[in-house]
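This report describes how two parts of one protein chain meet, and then turns to a single residue. Please keep the structure in view while reading.

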Amino acid sequence: MADPITITLRVNTRVHNIGVEPRATLLHTLRELGHTDVKNGCEIGECGACAVLLNGEPVNSCMVLAVQADGATITTNAGLGTMEKPHLIQAAFADAGAVQCGFCTPGMVIATKALLDRNPNPSEHEIREALSGNLCRCTGYGQIVDGVKLAAKRLASSRQTGGASC
Ligand code: FES
Ligand code: FES
């Protein structure tokens, strides 16, 4: 077994200085650190359940080595909001019925955040394209698309009233 490499990860509000195996994925490392809202689905980059924002960009954390993320700022679904104080996107998903078993939800929320950051008023086609790397076995995707539309609508009105940004 190779010697561990010391890295620093800034995850949501926490800073971790840890030793990792050179081949450890960011997904496994995050989960071992307790960030279990990052879900382990396929581990081959196909389901999107493990999506996080890495320095603001969405990535599938199963496809990133932990050492590649050394020094990075990582945002997970739990870093956006909590049950008590949900993020606008999380609240919109709940209100639109976009959450059934919930396994895909953290990754869907991260993909939606990345979409609305670059395109606050996406068309349905753009929404479906942005979420095409995120699989859901429960909803048939209709309610998830509705959740993204609702989040975009609420984002637009909160911007008009000078409220919270996405
Ligand atoms: S677990 Fe990473 S894409 Fe499926
Ligand atoms: S809500 Fe169950 S996998 Fe999407």
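In this predicted model, domain 1 and domain 2 bury about 1,100 Å² between them, and 62% of that area lies on carbon and sulfur atoms. The size of an interface is often given as the accessible area lost when the parts come together. On the side of domain 1, Lys39, Leu53 and Asn77 lose the most area to domain 2, and together they account for 40% of what that side buries.

The two domains come from the domain assignment of the chain, which places domain 1 at 5–79 and domain 2 at 81–160. Their contributions to the contact are as follows.

The C-alpha centres of domain 1 and domain 2 are 21 Å apart.

Which kinds of polar interaction cross this interface? Between domain 1 and domain 2 there are 4 residue pairs in polar contact, whereas 0 salt bridges are found.

A separate point concerns Ser61, which is placed in the loop between strand 4 (57–60) and strand 5 (73–75). Is Ser61 buried or exposed? Ser61 counts as buried because its relative accessible area is 0%, and buried means under 20%. Beyond its neighbours within four places in sequence, Ser61 is in contact with Thr25, Leu26, Leu27, Leu30, Val38, Cys50 and Val52.

Definitions and conventions
Residues are numbered from 1 along each chain as its sequence is written. Chains are lettered from A and ligands numbered from 1 in the order in which they are written. This is a predicted model: local features need pLDDT of at least 70, side-chain atom pairs count only at pLDDT 80 or more; totals for chains, interfaces and linings use all residues. Side-chain values use heavy atoms; hydrogens and water are left out. Domain bounds come from an automatic or database domain assignment. Buried area is the accessible area (1.4 Å probe) that two parts lose on being put together, summed over both. A salt bridge is a side-chain nitrogen of Lys or Arg within 4 Å of a carboxyl oxygen of Asp or Glu. A polar contact is a pair of N or O atoms within 3.5 Å; within protein, one must be able to donate a hydrogen and the other to accept it, and residues adjacent in sequence count only if both atoms are side-chain atoms. Helices (H or I, at least four residues) and strands (E, at least two) are DSSP runs, numbered from the N terminus. Buried means under 20% relative accessible area, exposed over 50%, partly exposed in between (1.4 Å probe, protein chains only). Contact means heavy atoms within 4.5 Å.
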